[in-house]
There are 2 protein chains.
Amino acid sequence: MPRFSVTYSLAASTAKEAREKAFDICVEQTVEFPYDLIAERWIRERLVGRVETVSRLATGRYATEISYDDATAGCEATQFLNVLFGNTSIKPGIRIERISPSRGLFRTFSGPRFGVCGVRRLLGVQGRPLLCSALKPMGLSARALADLAYRFALGGIDLIKDDHGLANQYFAPFEERVRRCVEAVRRANRETGGRCRYVPNVTADGIQTLQRARTARRAGAGAVIISAALTGFAAMREVARDNRVGVPVFFHPAFAGTFTASPQSGISHPTLYGQMARLFGADASIFPSFGGRFSFTPGECRSVAEGCRMRMGPIKPCLPAPGGGIRFETVTEIVAFYGPDTLFLIGGGLFRYSRDITKACRDLRAAVQQAVARPPI
Amino acid sequence: MPRFSVTYSLAASTAKEAREKAFDICVEQTVEFPYDLIAERWIRERLVGRVETVSRLATGRYATEISYDDATAGCEATQFLNVLFGNTSIKPGIRIERISPSRGLFRTFSGPRFGVCGVRRLLGVQGRPLLCSALKPMGLSARALADLAYRFALGGIDLIKDDHGLANQYFAPFEERVRRCVEAVRRANRETGGRCRYVPNVTADGIQTLQRARTARRAGAGAVIISAALTGFAAMREVARDNRVGVPVFFHPAFAGTFTASPQSGISHPTLYGQMARLFGADASIFPSFGGRFSFTPGECRSVAEGCRMRMGPIKPCLPAPGGGIRFETVTEIVAFYGPDTLFLIGGGLFRYSRDITKACRDLRAAVQQAVARPPI
């Protein structure tokens, strides 16, 4: 049976202690049973995780690669995450740095349905970054949000997403909102000849996430957005694989922030926003860019973009989708930083720039096009 | 419209900075839009969060209570979590310390179906802590696990749960495992006259969690266990509310550990393991006890037990279920520490104690009964 592996970093004073902690992870993440009391040899030798390497990273910090038999994950996405980090998430000082999936796992995880090329094809956009804005503030009626969507689309924005706080509140109920926004974007597309897509938020309770995604697709939505840490990552994968949905899926990081809050615990930025988002089916991975109201460093943002694009078997790359820190004044710099295969989210900045939101969108698109034309710094 | 509130702790050098950060949370968690550009007065005044109090906790650390209009959560469990901590989870130095639900929220969150009294009634056990053991190691066949369940039940264990790593792997497929274990526990109950219950793990991908819980109930399982951080918390609530399931629900902390990894970020122990577990329907909340291979302190464990038992409107208390640190030598101490309304998990310790697992269970139950008879230290 093939094995997948996970690289953890962990706190240890000596190589010996690091090896002991690595072995504890092997046991904790699989059998969770006193190793010496396991009677079955195949369980001890195959099912228990295996320490492949241990190496020193810095004073008091070691890296270890641990491999697991594919059978531990039992072809299930949730159980795969459980093997990765279930109980070990509760132990102090241990962080997932990287996942190395096996060939077998790629049957469980087919990854993004569209990926970078697929999304570009749907939108008919080549050679420049994609632009996305958000419908907000929460509290506007479905009619007012649709009107906003119309004005965004007229200005040449490629994708218009719900703010992730729009769920099914009485002021803009899900079905009415989707219907009106789809219609508004279609109307704008007829006027501009564009292919703008509306991206409703389908994050919901339990089985309703999939139901809303199907409803959205039936109503003509062009993609969906899911906060996978809220719904469970497997719910995002379920939507991405569902043929009755069949549109691109955007990962939103709401409720996922604690995973990257500390360099000593949780999950590394490229693994969470890149590898995991892709394995669980995201065509675009939204994350907070440097230079805004969040605290990711340029280095962390670069690592996210790398995680979105790195080779991972047959899993397509996804679009890094930095948001929360993009303003008109920084467009040139930020386009050079992330490169053209990026989906830029700009929300508040557009509203700050001009009361005429269609003009703001046009100017933003022109600024981005100009930035691409220049050689990167 | 009623308002619920959340107490956050945050890093700030001065009271002024703390107030500014608190206001940022109010905006981030609701409208996520430049406050001064919001045209609608009712959105500014009602939908945006409201700073109720700011107070100093320690040097560089402040607490703030922020209230939110119930409408922001739109009667949905996932959106409620999103309002609590969606994007703010990504900001550094902010932690949820406590939730104060509103009366309106108790329509969305009915809490545990059984609670402490209900679980006791089902099991016919009063006046002593409840005992639970786990079927493991992963790799045993369904037949071998059922045999183990039989021997646990003969020894007088009240609840026998799947190890949380048992999913639907080929060596012990879910349906076969449930069928065999239910049958084995029934057979033991017929011999002992006891009311032991089997608790299968129904943590699965997307809509399959609810489907497995229903399958488990149909097959005669006596409760179910869910790793809610893996499935999404709302999936646990969905199972707890489902009348075709209708058995107690146990919360397992797999993948939830990062939330409590730092005192500066994430979610406090009593809120995660107590308040949230209960709001989302758990009748018992499993957490790693002090004194074992995990790192919770006695103070943190005490706060978890308090969160499980504290008054929270009509929401029933749930059983704190400490595990991972309970051995025969510490039973007296640990029973005195947690008190009788506790579900004690003991796994590896039983196997270490004796090769005769039925005898180990009998001795454990006797030790617990003796510990209760003594006055607490």
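**A covered helix in chain B**

The buried residues of α11(B) are B:F233, B:A234, B:A235, B:M236, B:R237, B:E238, B:V239 and B:A240. Buried here means under 20% relative accessible area, exposed means over 50%, and partly exposed is in between, with a 1.4 Å probe and protein chains only. Helix α11 of chain B runs over residues 233–241, and eight of its nine residues are buried. Helices (H or I, at least four residues) and strands (E, at least two) are DSSP runs, numbered from the N terminus.

Before I go on, the conventions. This is a predicted model, in which local features need pLDDT of at least 70 and side-chain atom pairs count only at pLDDT 80 or more, while totals for chains, interfaces and linings use all residues. Residues are numbered from 1 along each chain as its sequence is written, chains are lettered from A and ligands numbered from 1 in the order in which they are written, and side-chain values use heavy atoms, with hydrogens and water left out.

Staying in chain B, take helix α6, residues 115–123. Its buried residues are B:G115, B:V116, B:G118, B:V119, B:R120 and B:L123. What covers them? The cover includes the chain B strands β5 (130–135), β6 (159–162), β7 (197–199) and β12 (319–323), where contact means heavy atoms within 4.5 Å. After α6(B) comes B:G124, with a positive phi near 65°.

Next, B:V83, which sits in helix α4 (residues 77–85) of chain B. Its relative accessible area is 0%, so B:V83 is buried. Leaving out residues up to four places away in sequence, B:V83 touches B:F4, B:Y8, B:Q29, B:Y68, B:T72 and B:A73. Between B:V83 and B:C26 there are 57 residues in sequence and 9.4 Å in space, C-alpha to C-alpha.

Now the aromatic pairs. Rings of Phe, Tyr and Trp (its six-membered ring) pair if their centres lie within 6.5 Å; planes under 30 degrees apart count as stacked, over 60 as edge-to-face and the rest as tilted. Over all chains, the count by this rule is 45 aromatic pairs. One of them joins A:F152 and A:F351: the ring centres are 6.0 Å apart and the planes are at 75°, so the pair is edge-to-face. A:F152 belongs to helix α7 (residues 142–154) of chain A and A:F351 to helix α15 (residues 348–353) of chain A, so the pair ties together parts 199 residues apart in sequence. Both A:F152 and A:F351 are buried.

In chain B, B:Y273 and B:F296 also form an edge-to-face pair, at 5.7 Å centre to centre and 70° between the planes. B:Y273 is in helix α12 (residues 269–279) of chain B, and B:F296 is in the loop between β11 (284–288) and α13 (298–309) of chain B, so this pair ties together parts 23 residues apart in sequence.

Last, chain A as a whole. Its secondary structure comes to 16 helices and 13 strands. Of the 377 residues in chain A, 66% are buried. The C-alpha trace of chain A spans about 70 × 45 × 35 Å along its principal axes. Among contacts in chain A with a separation of 6 or more, 73% are between residues 24 or more positions apart.
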